[in-house]
Amino acid sequence: MNQGFRLWPEQASTYASQVDMLMIFLTGVSAAITLVVFLAVVFLAIRYRRRRADERPAPLKEPHWFENVFAAGMFAVFMVMFFWGARLYFVAYKDAPDALDIHVIGKQWMWKLQHPDGTREINELHVPRGQRIQLTLASQDVIHSFFIPAFRIKQDAVPGRYTKITFEPTKVGEYHLFCAEYCGAQHSGMIGSVIVMEPEKYQEWLAGTVPDRPPAESGAKLFQQYGCVTCHGVQAPSLAGLFGTERDVVLPNGRQQRVKADEAYLRESILDSGAKVVPGYQPIMPSFRGQLSEEQLIQLVAYIKSLKGAMGPGGAGSLTGQMQSPVPDKSPTAPGPSQQTPRD
Ligand code: HEC
Ligand SMILES: [Cu+2]
C-alpha cells in the first residue's frame with residue numbers, strides 16, 4: 001500500500017467503521033483525562049508551591065461532593081465503554097446461521113481455507129462483497145491468529161477446539177491477511193491476502209476453480225470408512241437432526257447435564273466419546289483421538305450437520321441418502337487457475 005501516511009488501515013467491512021468509532025472514543029477520553037491530570041499537576045504545583053522554608057500547609061476540609069461526582073462520572077464513562085465494546089463484540093462473534101460458511105485451518109506456517117462447495121485455497125481467501133461470512137477456525141498444531149486489519153477482525157485458531165468469527169466485506173479489493181500469534185520460526189511468513197469481489201465475479205471465480213469434494217460429502221465418505229455407519233442408526237443413536245438441538249447427556253460421574261449439540265459437542269463426541277454419553281446407550285463408541293486430522297473432523301462435523309430431520313427407526317441406510325450437497329457438482333475438467341491442492 002503506497003498511499004502515504006495513514007492513521008488507520010483501510011475500512012473494508014461493516015465492522016471496521018464501528019470499531020474505529022469506539023477506538024476514537026477511547027482515545028479521545030484517554031487524551032482528555034490525560035490533559036486534565038497534566039494541567040492539574042502543573043497548576044497545583046505552581047499554586048501551592050512552598051514559598052518559605054518554615055511554611056506548613058494549613059489544615060483543610062476536603063470537598064467530598066467533588067470526589068463523589070468525579071467517581072460517578074468516571075464510572076458512567078467506563079460503563080459506556082463497556083456496553084459499547086460488548087455490543088461490538090456480539091456483532092462479530094454471534095453465530096450467523098445464514099452466513100457463507102468458510103473453514104479455516106491454521107498450521108505451521110500457512111492458512112488452509114475451504115469454501116462450502118469444496119474449493120480450497122492456501123493463504124488466499126476470495127469472498128463476495130456485501131455478504132455475511134462466517135469463518136470456523138481450527139488449528140492443526142499451535143495457536144495461530146487470523147487477522148485481517150482492513151476488516152478489523154482477529155480470531156485465534158486454537159488446537160483442540162473450534163472458534164468462529166463473522167464479517168461482511170464492503171469494498172472490492174485485496175487486503176492483508178496475517179497470523180497475529182507468534183507460532184514458531186516462520187510465523188512472520190504466515191501471511192496472505194483476502195480478495196473481495198463483486199458477488200457475480202465471486203461466482204465466476206468459483207465456477208473457474210476445480211472444487212474438491214464439499215466438506216459434508218468428504219465427511220459422508222469418512223463416516224463409511226471409519227465404520228461410524230456400522231453403529232449409528234443401529235445400536236447407536238441416529239445422528240440425523242441432532243445438530244443444533246439440546247440434549248441430555250450422562251457425565252462420567254453419573255450426573256446428567258443438558259448440552260447444546262453444536263460443533264464443539266460433535267467434535268468431543270468423536271474424540272472423547274466417554275466424556276458425554278447419550279442416556280440409554282452403552283459407552284461402546286471407541287475414541288477416534290489421533291486417528292482423524294483436523295480436516296477430517298471438520299468434514300465429519302459438516303456431514304453430521306447436513307443430516308437434517310429425524311429418520312425412521314434403525315434407518316442406518318438413509319443416513320447417506322439424506323446428504324444434500326449445497327452446490328451442484330461441477331465438471332472436474334473445468335480450467336482451474338486458482339485451484340491449489342494442499343499438501344501437508
Ligand atoms: C462401536 C459403535 C460406534 C462406532 C464405530 C461409532 N459410534 Fe458414535 N456412538 C456410539 C454410541 C453407542 C453412542 C451413544 C453413547 C455415547 O454418547 O457414547 C455414540 C455417540 C455418538 C455421538 C453423539 C450422539 C448424540 O446423539 O449426542 C456422535 C456425534 C457420534 N457418536 C459420532 C460418531 C462418528 C463420527 C463415528 C465415526 C468416526 C462414530 N460415532 C463411531 C457408537 C459408535
Ligand atoms: Cu501462525
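Trainee: Which residue in E10 does proline 128 stand opposite?

Mentor: Proline 128 stands opposite methionine 197 in E10. Before going on, note that this is a predicted model, in which local features need pLDDT of at least 70, side-chain atom pairs count only at pLDDT 80 or more, and totals for chains, interfaces and linings use all residues. Residues are numbered from 1 along each chain as its sequence is written, while chains are lettered from A and ligands numbered from 1 in the order in which they are written.

Trainee: How many helices and strands are there in the protein?

Mentor: Helices (H or I, at least four residues) and strands (E, at least two) are DSSP runs, numbered from the N terminus. The protein has eight helices and 12 strands.

Trainee: What order do the strands of the open sheet have?

Mentor: Two strands pair if DSSP finds at least two bridges between them. Here five strands form an open sheet in the order E4-E10-E9-E6-E7, with mixed pairing. E4 and strand E7 (153–157) are the edge strands, each pairing on one side only. Strand E4 (residues 124–128) and strand E10 (residues 192–197) run parallel, joined by five bridges. Strand E9 (residues 173–179) runs antiparallel to E10, also with five bridges, and glutamate 174 has isoleucine 195 in E10 as its bridge partner. Strand E6 (residues 144–148) pairs with E9 in the antiparallel sense over two bridges.

Trainee: Why is H7 described as largely enclosed?

Mentor: Burial is a neighbour count: a residue is buried if 20 or more other C-beta atoms lie within 10 Å of its own, exposed if 12 or fewer, and partly exposed in between, with C-beta atoms placed from the backbone. In H7, 12 of the 13 residues are buried, so the rest of the structure largely encloses this helix. Among the buried residues are Glu294, Leu297 and Tyr303. Of the 344 residues of the protein, 25% count as buried.

Trainee: Which residues are closest to ligand 1?

Mentor: A residue is near a molecule if its C-beta atom, placed from the backbone, lies within 6 Å of it. Ligand 1 is surrounded by 26 residues, and the closest are Cys228, Cys231, Ala236, Ser269 and Met285. Helix H5 (228–231), helix H6 (263–271) and helix H7 (294–306) are the elements that each give two or more residues to this shell.
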